[in-house]
Amino acid sequence: MTRRLLTDFEIMILLAIMRVGDDPYGVTIAREIEQTAGRAVQLPAVYVALDRLEKQGLVRSWIGEATPQRGGRAKKHFALTRAGLGSVQDTRDALTALWAEVPGLS
Amino acid sequence: MAHPPRLASLLLDWLAPGNEALRGDLDEEFAAGRGGAWYWRQVIAAIAVEGPLAVRARAVARFESVVTGLITLLLLGFYAVFVVNVTDWLLRFEGVHLLKRLPDVLGFWTWTAAVVTLLVGLIVGKMIHAAHGEHRVASILAFGGTTMLCAAAALQAATLAQGGEAFLPELVQQVSSTAAFVVGLIGGVTAPVGSLDGLRLITRRAAPPIHAAT
């Protein structure tokens, strides 16, 4: 059966959601990717990817609190679904299998 | 508290509206010390990732709103002119010449009437847009149809009052051509909007958090 594997950016986002843990939202997800993976990310791109992942049922979202620093706008929090976690594991397994026994790499 | 670049915020509202969470994130990060250049980069990225089709869909929707207002204004103007002329024509049977009573027909009152008509048209168009956001075409047709029926009824009354000398056919021709124009405009303007509905961003309802399965 053909599995739909995640792109590198998608798996970074899903892993960042899992790493942040405490009600992650756009800012904390982007910061986690930048600080941990060293990849500069644009917030709009994060939201586009999150929107796509939510349509695929890999993440769920809910509206959080608003703060004055946000101009009174509410946060949108994200969490992995069971399908999202399974997709992360599938992608990890596929990448691990590809990395294994590659000539010239130890 | 420092505010984000105003022009960038306006562009974001204009070209990439609807994502309040993103807008809040950008404001939060700017308040946390990100610079104006960073904010501009995010805005440009937001506009870019929205995609040209989504921007085009909004542009068409705005064009539709403008055309809605223009059609409303056209119908109101048509109706106002018609009612004033018919009323004047009827009152002449009583020896009252309404239009001649207006001082300076080509001056102050003419411009005042134009401004009032414009304001009424804008208000009605705004009301149609607000109250019937999903049924603007039906609203225009209902409004236009009612206007034309009223005009036809008024002219029929005028015809009878005149003693049977009918000029109704002229009105039928006039109303028909106006109706055809309106229907043609609506068909031409709204077709692309319907075909692009699926591209619009839809605000989702808040959902309870579901954490990753362990």
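Start by selecting chain B: of its 214 residues, 19% are buried (20 or more other C-beta atoms within 10 Å of a residue's own, with C-beta atoms placed from the backbone). You're looking at a predicted model, where local features need pLDDT of at least 70 and side-chain atom pairs count only at pLDDT 80 or more, while totals for chains, interfaces and linings use all residues. Residues are numbered from 1 along each chain as its sequence is written, and chains are lettered from A and ligands numbered from 1 in the order in which they are written.

Now switch to cartoon. Chain B shows eight helices and zero strands (DSSP runs, H or I of at least four residues for helices and E of at least two for strands, numbered from the N terminus).

Next, bring in chain A. Here 26 residues of chain B are in contact with 27 of chain A (C-beta atoms, placed from the backbone, within 7 Å). Color α2 (20-31) and α3 (36-50) of chain B, the elements that each give two or more residues to this side; α2(B) gives the most, with 11.

Zoom in on α2(B) and α3 of chain A (residues 43-55): they pack at about 150°, axes 10 Å apart (lines fitted to C-alpha atoms over the stretch in contact, angles from 0 to 180 degrees between N-to-C directions). That makes α3(A) and α2(B) roughly antiparallel (over 145 degrees).

Finally, show side chains for L43(A), P44(A) and Y47(A), which meet L22(B), D25(B) and L26(B).

How values were computed. Buried ≥ 20, exposed ≤ 12 C-beta atoms within 10 Å, placed from the backbone. Contact = placed C-beta atoms within 7 Å. Parallel < 35°, antiparallel > 145°, perpendicular 65-115°, else oblique.
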